[in-house]
Amino acid sequence: MENSDIKKHEVLIIGGGLSGLRAALEAGKKSRDVAIISKVHPLRSHSVAAQGGINASLGNVPGASDDDWEDHAFDTVKGSDYLADQEAVEVMCKEAPDVVLELEHMGTVFSRLEDGRIAQRPFGGAGVPRTCYAADRTGHNLLNTLYEQTIAEKLDFYNEYFVTSLVVENQEIQGCIAWDIEEGELVGFSSDVVVLATGGYGRIYNRSTNALINTGDGAFLAYEAGVPLEDMEFIQFHPTTLYDSNILMTEGARGEGGYLKNKEGERFMKDYAPEAMELAPRDIVARAIITEAEEGRAFEDEYVHLDLTHLGKEKIKERLPGIRQIAQDFAGVDPVEEPVPVQPGQHYSMGGIDVDIDGKTKIDGLYAVGECACVSVHGANRLGGNSLLETVVFGRRAGKKIGKTIEKKEKDEGEIKKALERDKEEIERLIHEDGDILYSDLMDDLRQVMFEHFGVYREEESMKEGLSKIKELKEKYDSVHIDNENEKFNTALVRTLELKSMLYTAEVVAIGSIEREESRGSHFRRDYPERNDEEFLYHTKVEKTEKRPELYYEDVTLGRFEVKEREY
Amino acid sequence: MKFKIYRYDGEEEDYDIYEVPHKEGQTVLDVLFHIQENIDDSLSFRYSCRGAVCGSCAMLIEKVPRLACRTQTKMVKEQKIDLEHYKALDENGELSEDYILVEPLPHLDVKKDLIVDMEKFFKNYEKIEPYLKSKEEPEKEHLMDPQKVSELEDYTNCILCAACFGACPVNGKNEDYLGPVALAKLYRFHIDSRESEEENRLKLADHEDGWWACDFYTNCKKVCPKGVPPNFGIGKARQELEEIKDEED
């Protein structure tokens with residue numbers, strides 16, 4: 001069950017989505033020994049599902065030519081409900097045009113304007129058309145481009161390896177332990193640098209647009225290693241996910257002119273954001289839909305209509321072909337002919353591993369980038385088109401920093417061997433020992449608890465009840481079992497390991513949500529419906545201690561934009 | 001509803017039949033999860049996005065390579081795809097009205113249950129040097145004709161799920177055939193206006209296991225969940241190569 005050969009690499013990237021691959025490519029310019037570990041083939045990473053686009057103030061669209069990074073930064077900070085760190089936002093927005101052009105040079109086929117330049121579409125919370133796109137398959141196109149580059153650069157991959165723990169000694173990263181899913185054995189990795197690029201934790205919710213693999217593994221690994229998690233209570237609910245299956249219907253559909261209508265046929269956003277209408281930020285539109293449902297104006301009390309019929313067949317075919325196919329495949333609805341039933345669903349994790357603007361954590365040699373990290377550029381609510389941007393900007397920055405600072409260190413493998421033994425015991429217990437609880441039951445319960453108690457609307461009593469349920473589920477994990485004893489390709493085992501990440505991540509989300517007695521961005525408290533800058537214009541940090549998770553607050557980096565009321 | 005599912009644990013092959021309650025909108029992937037979570041957790045399969053964009057879950061469903069996440073159990077018996085005959089149709093499980101048959105993707109070695117070894121598939125992809133070699137790096141973006149972009153999209157839409165590889169009769173006969181994905185990808189770079197390699201791209205597969213191995217069964221296009229037409233790209237590539245040869249003669 002264990003492989004006694006410890007594998008050595010200078011730089012190890014955990015996760016093969018956009019941020020991981022971008023970091024790997026950049027680090028690979030200086031280091032000859034970069035390897036990527038991923039629990040799935042990199043092309044199956046959740047980045048592939050991003051639809052709408054990537055923001056950059058290229059100013060390509062007529063009428064928007066005076067767009068600049070500062071406007072982009074302002075929209076981002078306002079969208080974040082002023083919780084984003086303004087220095088980090090500045091970095092992201094300044095580097096945006098460059099990273100987009102770089103992706104174009106690498107081979108991404110972006111959609112074009114008639115004059116041949118990259119096309120840009122309007123997105124929620126943005127003043128001008130700023131979102132560059134490749135039809136409505138932007139993530140797919142970007143991920144393929146970066147993967148192609150890793151083939152050109154001949155980087156090493158360990159596909160279908162699930163990382164079970166990080167190895168840290170004296171606040172310095174030593175490597176990690178991973179379960180080789182195919183061979184069914186634990187492998188120790190020794191490395192000078194480890195980059196976590198594992199994506200979000202959306203699947204702790206039962207209604208989520210996320211891939212089934214987004215289980216918060218990186219956040220859990222970092223937390224266990226002693227790194228604080230930041231702003232985990234901020235969960236983005238996307239307003240338009242396909243009813244029941246919760247597959248994403250891009251904001252681009254509204255960017256292209258789609259309407260949201262209730263069962264009375266009204267464009268109800270006029271009552272919530274009279275100026276921005278359907279293009280108000282996601283938190284506002286998601287709450288509007290839930291309110292419509294609560295007040296009896298939704299279909300079957302569950303969903304509203306995303307109406308694209310007036311856009312015409314040609315525009316839908318050209319700009320939103322992926323959406324059309326998804327609606328046809330999964331809801332049996334052709335958006336050209338009839339409206340699409342949509343409801344809000346979990347979509348994005350604003351919070352994550354506490355890092356600086358180069359992706360560094362407080363542990364030497366340990367970095368985190370992309371959705372698993374919290375830089376923080378999204379604050380309390382992320383704008384559409386900024387997540388793809390974050391992955392490549394901060395992936396590249398981390399890679400550069402690693403390239404500049406890398407030094408060969410002599411490593412003692414003792415700690416790695418110890419960690420191997422410990423993880424082996426745990427896996428043996430899961431596979432070979434009897435227990436009375438099925439992992440899948442626990443997983444279902446957790447997802448239900450999160451949606452019910454930590455959803456779009458929150459309040460103290462319900463959340464406290466939710467937290468005690470999460471704690472009970474955590475205790476039950478010790479008695480969880482798997483019914484088969486296969487070592488090779490034991491999918492149930494991998495899901496059980498993921499469940500552990502989910503339980504710990506969920507607890508931190510719950511603690512942060514209860515303590516934040518205000519409403520800001522995606523975090524809406526019925527018992528505290530106003531934003532409270534005096535007490536809560538702070539980042540939440542939660543750190544593991546011997547006894548219990550410890551919560552504290554840290555300052556937000558302000559400076560450029562004045563903190564104001566947020567109106568759309 | 002009954003499902004007959006191929007099982008392989010590294011030693012023995014078998015089929016198991018499972019009875020799974022029907023739910024509105026249920027997909028084959030939902031069924032596999034239901035079995036794993038409630039009946040038999042030793043069942044192994046690949047999955048990720050569950051929304052037909054990541055390409056993880058291509059398998060042989062009712063003798064047609066399809067994405068499990070995109071295949072609705074209620075409709076699968078009606079959604080017949082008329083394919084040119086290929087080897088996997090005669091092998092292993094038999095079709096029946098009593099159950100829905102689920103097997104691993106043909107033409108790749110089975111690792112466990114519905115999981116196949118994708119190494120050969122990705123090796124072929126790597127052989128065609130799947131990365132843009134651009135003519136120059138302009139200060140800003142390369143200008144591209146929107147019409148040409150739309151032609152390119154037919155090929156960039158490929159999600160590398162390997163459904164076509166499993167449906168191609170030539171892949172079933174010729175171990176060394178590059179296959180529809182690699183050739184479609186190669187054609188995609190060839191027609192990219194930013195590409196510097198010109199006809200060298202075409203020449204990369206100008207051999208009996210490349211462009212010339214295709215017999216135009218068109219199974220590839222018929223099973224592609226994204227509507228990619230490898231057969232069309234292969235035909236165009238051959239035409240161009242013939243024109244080049246005519247000129248050289």
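# Helix packing, sheets and chain contact in a predicted model

Me: How do helix H12 and helix H14 of chain A pack, at what angle and how far apart are their axes?
Reply: Helix H12 (residues 439-453) of chain A packs against helix H14 (residues 491-515) of chain A at an angle of about 30°, and their axes are 10 Å apart. H12(A) is therefore roughly parallel to H14(A). Angles under 35 degrees count as roughly parallel, over 145 as roughly antiparallel, 65 to 115 as roughly perpendicular and the rest as oblique. Axes are lines fitted to C-alpha atoms, for helices over the stretch in contact, and angles run from 0 to 180 degrees between N-to-C directions.

Me: What kind of model is this, and how are things numbered?
Reply: This is a predicted model, where local features need pLDDT of at least 70, side-chain atom pairs count only at pLDDT 80 or more, and totals for chains, interfaces and linings use all residues. Residues are numbered from 1 along each chain as its sequence is written, while chains are lettered from A and ligands numbered from 1 in the order in which they are written.

Me: And the labels H and S?
Reply: Helices (H or I, at least four residues) and strands (E, at least two) are DSSP runs, numbered from the N terminus.

Me: Back to the pair. Is the crossing of H12(A) and H14(A) left-handed or right-handed?
Reply: The crossing of H12(A) and H14(A) is left-handed; that is, the near helix is turned anticlockwise from the far one by less than a right angle, and clockwise would be right-handed.

Me: Which residues make the contact?
Reply: From H12(A) they are Tyr439(A), Leu442(A), Met443(A), Leu446(A) and Met450(A). From H14(A) they are Ala492(A), Arg495(A), Thr496(A), Leu499(A), Met502(A), Leu503(A) and Ala506(A). Two residues are in contact if their C-beta atoms, placed from the backbone, lie within 7 Å.

Me: How do those residues divide by class?
Reply: The contact of H12(A) with H14(A) has 10 nonpolar residues, one polar and one charged. Ala, Val, Leu, Ile, Met, Phe, Trp, Tyr, Cys and Pro count as nonpolar, Asp, Glu, Lys and Arg as charged, and the others, Gly among them, as polar.

Me: New topic. How many residues of chain A are in contact with chain B?
Reply: 44 residues of chain A are in contact with 43 residues of chain B. On the chain A side, the elements giving two or more residues are helix H3 (86-106), helix H4 (138-152), helix H9 (321-331) and H14.

Me: Which of them gives the largest share?
Reply: H4(A) does, with six residues. By class, the side of chain A that touches chain B has 19 nonpolar, 13 polar and 12 charged residues.

Me: Now sheets. What is the order of the four strands in the open sheet of chain A?
Reply: The order is S11-S14-S13-S12 (chain A), and the pairing is antiparallel. Strand S11 (235-242) and strand S12 (259-261) of chain A stand at the edges with a single partner strand each, so one side of each has no neighbour in the sheet. The twist averages 45° from one strand to the next. Two strands pair if DSSP finds at least two bridges between them.

Me: How many bridges join S11(A) to S14(A)?
Reply: Six bridges join S11(A) to strand S14 (residues 340-349) of chain A. Ile235(A) stands opposite Ser349(A) in S14(A).

Me: Which helix lies across S11, S13 and S14 of chain A?
Reply: Helix H7 (residues 282-294) of chain A does, running at about 60° to S11(A).

Me: What about the five-strand sheet in chain B?
Reply: The open sheet runs S2-S1-S5-S3-S4 (chain B), with mixed pairing. Its edge strands are strand S2 (13-19) and strand S4 (64-67) of chain B. Strand S3 (residues 58-61) and strand S5 (residues 100-103) of chain B pair in the antiparallel sense over two bridges, and Leu60(B) has Glu103(B) as its bridge partner in S5(B).

Me: Where is Gln171(A), and is it buried or exposed?
Reply: Gln171(A) lies in the loop between strand S7 (161-169) and strand S8 (172-180) of chain A. Gln171(A) counts as exposed because it has 12 C-beta neighbours inside 10 Å. The cut-offs are 20 or more other C-beta atoms within 10 Å for buried, 12 or fewer for exposed, and partly exposed in between, with C-beta atoms placed from the backbone. Phi of Gln171(A) is near 60°, a positive value in a residue other than glycine.
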